[in-house]
Amino acid sequence: MGILIALLGTVAFAVLAPVVGCLLAGVDRIVSARMQGRVGPPLLQPYYDVRKLFGKERAAVNGVEHAYVVCAWLFACVAGGIFFTGGNLLLCVFVITLSSLFFIMAAYSTRSPYAEVGAARETLQVMAYEPMVLLLAVGFYMAAGSFDVGAALSLDAPVIGATLLVFLGVLFILTIKLRKSPFDLSMSHHAHQEIVRGITTEMSGPTLGLVEVMHWCENVLFLGWIGLFFVWGNPASLALAVVVALAAYFLEIAIDNNFARVKWQFMLKSAWAVALVAGGVNIALLAFL
């Protein structure tokens, strides 16, 4: 029965998450433009761009590139389905990491030097944020008594009270997960950051369109992680979680427009330091106090 629910959740997530993610991307462009003194594109411009990509002929370097991207998108949807149906948070983390690995393999399969540099940077990003993401799952388990996301709905108070440092750590690595500056090393969604497109250099047409859709799905999932800290037995907490997630997204947009890209060494060191200090101290407090 649990597998059937997760399957139905995956299908629902694959349909609804791109809609929400597309609207968030449109808001991102408009807010970024206003911060830069421009009017900006219409709200649905990301949809128009992706629709145009899907209307183009597929011209791939090899036959496996598109297959790897499809697998990456599929596992992103599975991770979202697991999370939003109240499934195992640790499993969700592992599945979304598997999605990232397929995306990296898609870039490496092209044998393009520019795509390979982007894939190497994407690998470094995974290495940077993964410890904090794992500590997110551990912290939630220690605060809620279960890895199941649905367990949060039976709590008397939100887990943020016991996992504040973990929340701050997740908020820090969220910049990497959303591919926002200063940590958009492998691929930027802003043209002024790129001479060559990084990990998606050799991707075009429907393959690139699917990458964008996958990114929308990932954004919804990651914002769901942020909202999870504020959910408890009160149904009104779901509205609070949405508000906090949107506030976190606007914070990331502000950071994206006010900080220049950093070197990968700084990203790796800072992300691990935050995981060690924020996550490690919080887990230790939960374990021994």
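This is a predicted model: local features need pLDDT of at least 70, side-chain atom pairs count only at pLDDT 80 or more; totals for chains, interfaces and linings use all residues.
View 1. Residues are numbered from 1 along each chain as its sequence is written, and side-chain values use heavy atoms, with hydrogens and water left out. Cys 217 is buried, at a relative accessible area of 1%. (Buried means under 20% relative accessible area, exposed over 50%, and partly exposed in between, with a 1.4 Å probe and protein chains only.)

**View 2. Cys 92 is in no disulfide.** As a reminder, a disulfide is a covalent bond between the sulfur atoms of two cysteines. Searching the whole structure turns up zero disulfides. For Cys 92, the nearest cysteine sulfur belongs to Cys 77 and is 12 Å away. Cys 92 also counts as buried, with 0% relative accessibility.

**View 3. Ala 72 sits in helix H3.** This helix covers residues 63–84; helices (H or I, at least four residues) and strands (E, at least two) are DSSP runs, numbered from the N terminus. Ala 72 has a relative accessible area of 0%, so this residue is buried. Leaving aside residues up to four places away in sequence, Ala 72 touches Ser 99, Phe 102, Phe 103 and Met 214, where contact means heavy atoms within 4.5 Å. Take a look at Phe 103 in particular: its C-alpha atom is separated from that of Ala 72 by 5.6 Å, although the two residues are 31 apart along the chain.

**View 4. Stepping back, the protein chain has nine helices and zero strands.** The radius of gyration is 19 Å, close to the 19 Å that the globule rule gives for 289 residues, so the chain is as compact as a globular protein of that length. (The radius is taken over C-alpha atoms, and the rule is 2.2 Å times the number of residues to the power 0.38.) Along its principal axes, the C-alpha trace spans about 55 × 45 × 40 Å. Of the 289 residues, 49% count as buried. Among contacts between residues at least 6 apart in sequence, 77% join residues at least 24 apart.

Notes: A disulfide is a pair of cysteine sulfur atoms within 2.5 Å.
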